[in-house]
Amino acid sequence: MMKKLILFGMCISMLFSCQQKENITLSGLQREHFQTNIDGNKTDLYVLTNHNGMEVCITNFGGRVVSIVVPDKASNMQDVVLGFDSIQDYMTIPTDFGASIGRYANRISQGKLVMNEDTIQLPRNNFGHCLHGGPNGWQYKVYDGLQIDAQTLELTLNSPDDDENFPGNVLAKVKYKLTDDNSLQISYEATTDKKTVINMTNHSYFNLSGNPSNPITDHILYLNAGAFTPVDSTFMTTGEIRPVKGTPMDFTAPSIIGDKMNMNDEQVANGKGFDHNWVLATKGDMNILAARLVCPSTGIGVEVYTDEPGIQVYSGNFLDGTVTGKKGIVYNQRTAVCLETQHYPDSPNKLDWPSVYLMPGQKYTSHCTYKFVTM
């Protein structure tokens, strides 16, 4: 009898151990650590995989990419984005790690939005400006998640009229699709019942070394952009579109990020590194390469394709060692690069730039593809 009980106990233990392993992703995340209830809305972790063994984990809290696992040049699998191990950290530590940003990605000057000749005051949460839709932007909302298949996730958000003072009831959708050529395709849609502004993006923090203890200053960046939009000391665009030639902003030939950042230049000083929008030369053509980031040590590269007119490159300037991320790794300054495809910052107040206004009866769409390659 005792032997039977011991054998039964061993079987139960093995079954429990197998279930635990099944609940742990390739990146080491546990699904139950992302399951909670926020204001009556359930959060979860969704796992996308392709036929090559690539894995992308996404939580519907803020539509955030939590991990992206890809092979390096030695066929070792590496997690190449920053993030947290649990939903609690995303809820309590204000960050934009991996988020689906809205209503308006980037900055609006002084939080001023003129709509139908009325001036709307938006929240001022960044050097006097409205950044990423305000302190309670969509990166802190719970999207409805629908996993369509092993490679596709659709997220839906209803943003009410006056959400962070933005006008209009907005229905927004974000679709993530992982393809078998190791591309993460992101599609955005939005409709409104009042005139409003929409500018959505993904805010993944890339470190292609697979170890966020390493700085990204050795990463090699290419940008298909002959111009950029300069910023003042508050990171706000001045309204000028300036050629990159002869400046540290010139990445028309692949260049080491750290070398450019060390150049004595007012724009590098104003951005505390790179925190600028580049004017893409791709003319909205998804088939033309917009950007490429490569880590020499792992050979991992990410290519960016988009129909947006601009890309914001942020070099992790405000990471300062106060945040501990996945696997207990401390995130220090310049340990990530963001490649945010979007319309230009403060476009609502610069009417000669591509429009970000959305009217009733219209549909906002935007597309971005991050294609992972080994170099």
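**Entry 1: S159**

I started with S159, which lies in strand 13 (residues 152-159). Helices (H or I, at least four residues) and strands (E, at least two) are DSSP runs, numbered from the N terminus. The model is predicted: local features need pLDDT of at least 70, side-chain atom pairs count only at pLDDT 80 or more, and totals for chains, interfaces and linings use all residues. Residues are numbered from 1 along each chain as its sequence is written, and side-chain values use heavy atoms, with hydrogens and water left out.

Is S159 buried or exposed? I found S159 buried, with a relative accessible area of 2%. Buried means under 20% relative accessible area, exposed over 50%, and partly exposed in between (1.4 Å probe, protein chains only).

Next I looked up its partners. The side chain of S159 makes a polar contact with the side chain of W138, at 3.3 Å. A polar contact is a pair of N or O atoms within 3.5 Å; within protein, one must be able to donate a hydrogen and the other to accept it, and residues adjacent in sequence count only if both atoms are side-chain atoms. I then set aside neighbours within four places in sequence. That leaves S159 in contact with R103, W138, G168, N169 and V170. Contact means heavy atoms within 4.5 Å.

**Entry 2: the whole chain**

I counted 4 helices and 31 strands in the protein chain. The C-alpha atoms fill a box of roughly 85 × 45 × 40 Å, taken along the principal axes. Buried residues make up 55% of the 375 residues. I also checked contacts with a separation of 6 or more: residues 24 or more positions apart account for 66% of them.

Two strands pair if DSSP finds at least two bridges between them.

Strand 20 (residues 227-229) and strand 23 (residues 275-279) pair in the antiparallel sense over 3 bridges. F228 stands opposite W278 in strand 23.

**Entry 3: a hairpin**

I moved to strand 3 (residues 45-49) and strand 4 (residues 55-59), which run antiparallel and are joined by 5 bridges. L48 stands opposite V56 in strand 4. The hairpin has 5 residues between the strands, and G53 takes a positive phi near 90 degrees there.

**Entry 4: cysteines**

How many disulfides does the structure hold? I found 0. A disulfide is a pair of cysteine sulfur atoms within 2.5 Å. The sulfur of C130 is 18 Å from the closest cysteine sulfur, in C338, so it is too far for a bond. The sulfur of C295 is 16 Å from its closest cysteine sulfur, also in C338, again too far. C130 is buried at 1% relative accessible area, and C295 is buried at 0%.

**Entry 5: N262**

Last, I looked at a loop. N262 is found between helix 3 (257-261) and helix 4 (266-270). N262 counts as exposed, at 68% relative accessibility. A polar atom of its side chain lies 3.0 Å from the backbone oxygen of G258. I also compared N262 with G63: they are 199 residues apart in sequence and 34 Å apart in space, C-alpha to C-alpha.
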